[in-house]
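Hi,

Here is the structure I promised to send over. Have a look at it first, and then read on for what I found.

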Amino acid sequence: LMRRIEREKLPANVGALLKSAAEKYGDQPALYFFDDDVTLSYRELETRTRKLASAFAKLGIKHGTHVGIMVYTSDVYPTTWLALARLGAVTVAINYNYTPRELNYMLSDGKAEYLVMSHELLPTLEGMENQPVPKDRVIMVGADVPGYPLRWETVMASGTENFTPAKEPVLDDLLNI
């Protein structure tokens, strides 16, 4: 059995894996967030991530771009992670309990060019001495925040479902830091 499993061909990338799962499992639940009472089917997740990847590409996020994600546990994290994976962008995963100093280290060391962040965590970002990600590249989740022009929900709404990245990611591309 192990040898047969080892011979199985891997999908070309995470986007291809999600597309295949959506075709196979369609409206079956893929993710359930009981605190928010949100359920996403494989088809919905595939569509949402394609749409968000399209919107991210319009912002300039592309293959190899490092993007920090600092959000509370919700459907935003996996949707964002999968959208970035579709582009071949690199996720810099950031714990929402980090201090300003720890956040600064993660953004700087992770070479983050963009940051997706829950608006409630803004004090952590603004508590840093030097903000390594410009305000016009911080994508706020959940609310409009003065001085930060990008809102995740608005960015998502601007995307299109019919999207293919300029450069398809491959299995050896970096996905997470």
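Let me start with helix H4, residues 76-87, in what is a predicted model. At 1.5 Å a residue, its 12 residues should span 16 Å, and the end C-alpha atoms lie 17 Å apart, so the two values agree.

H4 is mostly covered, with 10 of its 12 residues buried. Among them are Leu82, Leu84 and Leu87, along with Ala83 and Ala85. Just after H4 comes Gly88, which takes a positive phi of about 80°.

Now for the chain as a whole. The protein chain has 7 helices and 7 strands. Going from the N terminus, the order is α-α-β-β-α-β-α-β-α-β-α-β-β-α. The radius of gyration is 17 Å, close to the 16 Å that the globule rule gives for 177 residues, so the chain is as compact as a globular protein of that length. Along its principal axes, the C-alpha trace spans about 55 × 35 × 30 Å.

Of the 177 residues in the chain, 42% count as buried. As for contacts with a separation of 6 or more, 65% come from residues 24 or more positions apart.

Best wishes

Key. Residues are numbered from 1 along each chain as its sequence is written. This is a predicted model: local features need pLDDT of at least 70, side-chain atom pairs count only at pLDDT 80 or more; totals for chains, interfaces and linings use all residues. Side-chain values use heavy atoms; hydrogens and water are left out. Helices (H or I, at least four residues) and strands (E, at least two) are DSSP runs, numbered from the N terminus. The radius of gyration is taken over C-alpha atoms; the globule rule is 2.2 Å times the number of residues to the power 0.38. Buried means under 20% relative accessible area, exposed over 50%, partly exposed in between (1.4 Å probe, protein chains only). Contact means heavy atoms within 4.5 Å. The expected span of a helix is 1.5 Å times one less than its number of residues.
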